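Hi everyone, thanks for making time this morning. Have a look at what I'm putting on the screen, and then we'll walk through it together.

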Amino acid sequence: MMGWTLGLYFFRRYAAITAWFFIGIYALIFLIDFTEFSSRTSGLPNFTFFAALSVSALRVPMIVQQTVPFVALFAAMATLISLNRKYELVIARAAGISAWQFLFPLCMGALLFGILTVGVLNPIAAHGLSRSELLESDIRSGASNKVSAANAPWLHQKANGIDTIIGARAVLKQGLELSDAVFFTIDKNGDIVERKDAARAVLGDGYWKLKDVKVYRDGQNAESRPSDRVATNLKPEYVQERLAQPETIPFFELPAKIEAARSFGLRANAFAMQLHSLIAMPLLLVAMTLIAATVSMRFARMGQSTTMILGGVVAGFLLYVVSVLVKAFGNAGFVPPFVAAWFPVVVAMFFGVTFLLYTEDG
């Protein structure tokens with residue numbers, strides 16, 4: 001049996017390499033995102049260097065969270081390759097230690113990395129993304145009053161016998177606030193009789209509170225108002241289920257959001273998919289570690305490292321593609337969210353275990 005000293009040594013090596021990979025990818029994503037965001041918004045009147053820096057800093061954690069499976073994959077590959085090149089795995093095997101034993105510390109490290117991602121990184125990323133959307137909306141506010149029909153979220157409500165179509169350029173605060181919102185009032189004949197453009201629309205108790213409003217009626221000049229109200233019968237739970245991005249809701253708040261949405265008869269597939277994906281994250285990282293082991297444990301002679309790394313990258317990319325496709329089916333309701341979230345994990349785990357059983361145990 002492998003002793004605690006050697007096991008802790010392998011664990012520390014994996015943890016150190018994972019930390020360096022994480023920091024490096026975080027810095028790279030921050031630089032790319034800041035450069036790209038600055039180039040798109042530098043011409044806007046409200047643009048400032050500090051505001052752009054804040055937006056990138058706040059939303060980078062969410063982008064990094066999407067790369068965590070690849071961080072685990074590359075960290076495990078780098079750890080095993082470095083141990084191979086220093087003959088440490090060769091000596092461990094010669095001492096009678098099986099692959100399952102020296103992979104155990106790496107799998108425990110991946111499991112801990114996944115738990116930290118879900119419990120620490122995800123709440124930070126969710127709050128940061130919500131805040132970054134608010135800052136970005138302030139930067140873009142007033143740049144254009146056009147709401148794109150293709151990309152904007154749209155809602156239909158009927159309150160006090162009045163039909164209203166609601167659109168917005170951006171959704172803030174998990175769907176409870178709209179930026180550059182537009183409200184179309186429809187008569188019984190289906191004609192638009194009034195349009196209200198608002199810089200902000202905040203959902204209150206039975207009404208939308210509008211700020212910086214311009215009211216347009218047929219044959220009349222635009223009327224400017226500092227504030228206005230539009231009656232609504234929409235509940236916050238319904239609006240959040242329809243408009244909020246699941247990524248903006250922290251892991252610990254998702255069960256309550258799902259329960260509230262389902263109490264109104266909503267399916268909340270997107271929220272449930274996000275919840276199960278996060279629950280499956282630690283075991284997904286363990287599966288990534290097993291996949292890395294299938295291409296990194298053999299003794300690395302000269303010229304073989306490139307082939308091993310390429311094999312691991314291809315395997316990780318295929319798993320990522322499968323995860324994205326199955327998640328899309330889960331969000332659309334074609335596949336139960338639980339099945340959609342766990343299917344890639346189970347497949348990757350079986351692949352890694354089967355390969356290792358074949359190569360290590362005959």
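For the cut-offs, buried means under 20% relative accessible area, exposed means over 50%, and partly exposed is in between, with a 1.4 Å probe and protein chains only.

Before I go on, a word on where the values come from. This is a predicted model, where local features need pLDDT of at least 70 and side-chain atom pairs count only at pLDDT 80 or more, while totals for chains, interfaces and linings use all residues. Residues are numbered from 1 along each chain as its sequence is written, and side-chain values use heavy atoms, with hydrogens and water left out.

Now the overall picture. The protein has nine helices and six strands; these are DSSP runs, H or I with at least four residues for helices and E with at least two for strands, numbered from the N terminus. Its C-alpha atoms fill a box of roughly 90 × 45 × 30 Å along the principal axes. Of its 362 residues, 46% count as buried.

Let's go to the strands. I'll call two strands paired if DSSP finds at least two bridges between them. Strand 2, residues 162–172, pairs with strand 3 in the antiparallel sense over nine bridges, and T164 stands opposite T185 in strand 3. These two form a hairpin with four residues between them, and K173 in the turn has a positive phi of about 50°.

Strand 3 then runs antiparallel to strand 4, again with nine bridges, and here F184 stands opposite R195 in strand 4. That hairpin has five residues between its strands, with G190 in the turn at a positive phi of about 85°. Strand 3 itself, residues 177–186, has 10 of its 10 residues buried, so it is largely enclosed by the rest of the structure.

Further along, strand 5 (residues 207–217) and strand 6 (residues 223–231) run antiparallel and are joined by eight bridges. K214 stands opposite S224 in strand 6. Five residues separate the two strands of this hairpin, and G219 in the turn has a positive phi of about 80°.

Back to R225, as promised. Its side chain meets that of D228 in a salt bridge, at 2.7 Å from N to O. By salt bridge I mean a side-chain nitrogen of Lys or Arg within 4 Å of a carboxyl oxygen of Asp or Glu. Salt bridges that share partners join E194, K196, R217, E223, R225 and D228 into one network.

E194 lies in strand 4 (residues 192–203) and R217 in strand 5, so the pair ties together parts that are 23 residues apart in sequence. E194 also meets K196 in a salt bridge, at 4.0 Å from N to O, and both E194 and K196 are buried. R217 is partly exposed, at 31% relative accessible area. In the whole structure, the search finds 15 salt bridges.

Next, the nonpolar cores: sets of buried Ala, Val, Leu, Ile, Met, Phe, Trp, Tyr and Cys residues joined through side-chain atoms within 4.5 Å. The largest has 58 residues, and Y14, L80, F102, L103, F271, L285 and M297 touch the most other members. Helix 7 gives the most to this core, with 17 residues. Apart from it lies another core, of 18 residues, among them V171, W208, V213 and V215.

Finally, which helix gives the largest share of the lining of the largest pocket? Helix 7 again, with eight residues. A pocket here is an open set of points on a 1 Å grid over the protein atoms alone, where a 1.4 Å probe fits, with protein on both sides within 12 Å along at least five of seven lines; lining residues have an atom within 4 Å of a point. The volume is about 470 Å³, taken as the space filled by probe spheres set on the points, which are joined across faces, edges and corners. Of the 23 lining residues, Q66, S277, L284, S323 and K327 are the closest to the centre.
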